[in-house]
Structure formats: C-alpha cells, structure tokens
Amino acid sequence: MLSNKHGQLNLYKMKLDGSEYVKLTDYKNPVFTAVWSPDGKYLAYVTNESPNLNNFDVYVMCSDGSDPRRVLRVKEGSQDSVSDWSPDGRFLAVTSDASGV
C-alpha cells in the first residue's frame, strides 16, 4: 500500500483487515507504482531520488523492505516506470519516456 501516514508517500505492507502495517520504504520523495513478484519475495516500485523531482527510476527490494536497489534509470530526467513482472519473475515490464532507447 502507498501512504503518506508518516510524511512523504512511501510503501507499507499490512494485513487485509488494515492491521499490523509495516513501513517498507523511507524516501524523502514520493514512491509510486509497486508490484509484487509472482513468488511474493520481491517488490518492484518507482521513486525519485533527484532533488528536482523530474526523474523516476525503477527499484526492486525484498518483500520485507531490505536490499533496495535501482534496476532501471535510462537517463537523468527520464520518467521510467514498472508495470508488471513476467510470470516466471525473471523480467520486468517497464516503460520510459526517454527518446532513443
């Protein structure tokens, strides 16, 4: 779930009844578009770590919030996004507004 409960828009996981939520990310800029891997072990998501807020990059982390790593940044200023995982979890479906890619 995406929430700004503690300030900026970040990722949380919670039980279906709304209890026991856990904050998974802690970015100073908003997080967007999170998708679970088919096996539930990973989350792919989009955030912006640039000070000008003109850049979206794709990250993957473990389902407990550990080991976040950027997996796609086409170029500074590009709007890169993730929409889904392949059924076997080996690939991500991504988009970018960067030209010449």
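This is a predicted model: local features need pLDDT of at least 70, side-chain atom pairs count only at pLDDT 80 or more; totals for chains, interfaces and linings use all residues.
1. Four strands make up an open sheet, ordered 4-5-6-7, and their pairing is antiparallel. At the edges are strand 4 (31-36) and strand 7, each of which pairs on one side only. From one strand to the next, the twist averages 30°. As background, strands of a sheet pair through backbone hydrogen bonds, in either a parallel or an antiparallel way.

2. Strand 4 pairs with strand 5 (residues 42-47) over 4 bridges, in the antiparallel sense. Here V31 lies opposite T47 of strand 5.

3. S78 sits in the loop that runs between strand 7 (69-72) and strand 8 (80-85). Is S78 buried or exposed? Its relative accessibility is 1%, so S78 counts as buried, the cut-off for buried being under 20%.

4. What surrounds S78. The side chain of S78 forms a polar contact with the side chain of D80, at 2.9 Å. Setting aside neighbours within four places in sequence, S78 is in contact with N54, N55 and F56, and also with S96, D97 and A98.

5. T95 in strand 9. T95 belongs to strand 9 (residues 92-96). T95 has a relative accessible area of 48% and is therefore partly exposed. Which residues does T95 touch, not counting those up to four places away in sequence? They are Q79, D80 and S81. For S81, the C-alpha to C-alpha distance to T95 is 5.2 Å, although the two are 14 residues apart in sequence.

How values were computed:
Residues are numbered from 1 along each chain as its sequence is written. Side-chain values use heavy atoms; hydrogens and water are left out. Helices (H or I, at least four residues) and strands (E, at least two) are DSSP runs, numbered from the N terminus. Buried means under 20% relative accessible area, exposed over 50%, partly exposed in between (1.4 Å probe, protein chains only). A polar contact is a pair of N or O atoms within 3.5 Å; within protein, one must be able to donate a hydrogen and the other to accept it, and residues adjacent in sequence count only if both atoms are side-chain atoms. Contact means heavy atoms within 4.5 Å. Two strands pair if DSSP finds at least two bridges between them. Axes are lines fitted to C-alpha atoms, for helices over the stretch in contact, and angles run from 0 to 180 degrees between N-to-C directions.
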